[in-house]
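Student: I would like to learn how to read a sheet and a pair of packed helices. Please start with the terms.

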Amino acid sequence: MEKELIINSNQKEIQLALVENGKLVELHNQSLKNNLIVGDIYLGRVTKLLPGLNAAFVNIGHSKKDAFLHYTDLGPKLKSLVKFTNGAIDGSLPTHLLKGFKIDSDISKKGKINQVLTKGQNVLVQVLKEPISTKGPRLCCEITIAGRYVVLTPFTNVIAVSKKVTSDEERERLRRLMESIRPKNFGFIVRTAAEGKRVAELHDDITELVNKWEKIYKELHQATAPIKCLSELNKTKSLIRDFWNESFSRVIVNDKKVQEEVISEIKKVAPKKTDIVRYYSGARPIFDQFGITKQIKSSFGKTATMNSGAYLVIESTEAMHVIDVNSGHKMVSNDQEENALRVNLESAAEIARQLRLRDIGGIIIIDFIDVRKNENKVKLFHSMKQFMDGDNAKHTILPLSKFGLMQITRERVRPAITISTAELCPVCDGTGKINPSILLLDDIKRDLEFIIRSQSPNKLSIHVHPFINAYLRKGFWSVLMQWRREFKKWIKVEVDNNYHMMKYCFFDENEDEIRLN
């Protein structure tokens, strides 16, 4: 699979388009004004306890809306986290290392928020979800710091290996390596990217993460909440960290500063591949030049059409998202079952892409075309799972129900991307109403008279739609002849097929448009 990353940077935001085999699969926007990123770590202050919801509101200094912290997101090691936080703030904890740190007992899974937190208390939190709609950010107290190969989890000694590392021998090798080099009381989750890596590479990653933990410790000293203690990588760097592999063929950037950041990040993971980063300085917008804009316009509408002519209709409600699969009119076989399976498989691949591209989360119901054979239903289910393998968001896929519906749940940590692909009608400017066509000639004559009297051009031409051209020239005593008699000037008429019926423009002898406002 060939991957490309196209980065469009401007004064307001950075847009990142991830392309796989020529198809846009993910689109990320990062506002340069919004400095809150999933993964950021803050020292927050509890502003309100909500026993009914078993949750708390926490001020992290981000916006007018306090962040939301549910009991289930506190994590079992909350007592240890609070003790470390207080010790770092008042200076009673001499080091960031946890070798001599006594880990407290876990909190109860079924406890109450007012049993473990108090109003006004300082608490170290991590952004779990960005603000969505009217909701503020969602937080957790299970602090994790992600690296290229491993993820650091303090106050535990557990080593976990990604389920995507399927070899038992490799899983055991990674566990043994991590046990031999990890600092005491720091747990780690070994990522898929660590597969086949040497101990030196893993050790360097661990060292970098422990240094970040030290930075949090230093930021906490004498700190007053709310304050940011550690910032997650920006979207550009995190995409490279999380998605980078040898299948990347090029990274194209239109900003020199961002290009330097990208090259710096790639040097950490693949020093020999920095030459694939290219700077784009063309006159056309970078997304237009590489076909991203066209793919966005064709992918974000209510209807998504595929190459075969089959199409999806995507509807979103407050409770769920519904996707209807339609076959269109192109049938390559007379066998209805075969046609239905072919369309369903093509649609499954497109649905997996659409879920990633739009970052659709929650409950998704898919109405596939009915197939009767059980083996075809099983094949569709397994194919859907395979197409969704490239999606890093947590998801669950259920087999087809007896009604022929497939149910998917997918986690969403950022606002779903909604892009309006509808354009204003050029004739009515979106109002649904146009001036009466009978008045068009009056408008043209009024503007013509104004130009002749105010500018007295030597030569004058008017560009119009073909139908208007035909009307102006109709008959011996045509409208053009009437204008020539009245204004003592010949008006040249040019046809422009790109004009809509009601559009007209005037041009002088140099073919420069004469603007009336």
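Tutor: Two strands pair if DSSP finds at least two bridges between them. Helices (H or I, at least four residues) and strands (E, at least two) are DSSP runs, numbered from the N terminus. This is a predicted model, where local features need pLDDT of at least 70 and side-chain atom pairs count only at pLDDT 80 or more, while totals for chains, interfaces and linings use all residues. Residues are numbered from 1 along each chain as its sequence is written, and side-chain values use heavy atoms, with hydrogens and water left out.

Student: In which sense do β17 and β18 pair?

Tutor: Strands of a sheet pair through backbone hydrogen bonds, either parallel or antiparallel. Here β17 (residues 311-316) and β18 (residues 320-326) are antiparallel, with six bridges. L312 has V325 in β18 as its bridge partner.

Student: What is the strand order of the open sheet?

Tutor: The order of its six strands is β16-β17-β18-β19-β21-β20, and the pairing is mixed. β16 (303-305) and β20 (395-397) are at the edges with a single partner strand each, so one side of each has no neighbour in the sheet.

Student: How are two packed helices described?

Tutor: By the angle between their axes and the distance between the axes. Axes are lines fitted to C-alpha atoms, for helices over the stretch in contact (heavy atoms within 4.5 Å); angles run from 0 to 180 degrees between N-to-C directions. The axes of α12 (residues 466-473) and α13 (residues 479-487) come within 5 Å, crossing at roughly 65 degrees.

Student: Which residues meet there?

Tutor: Y471, L472 and R473 in α12 meet V479, L480 and W483 in α13.
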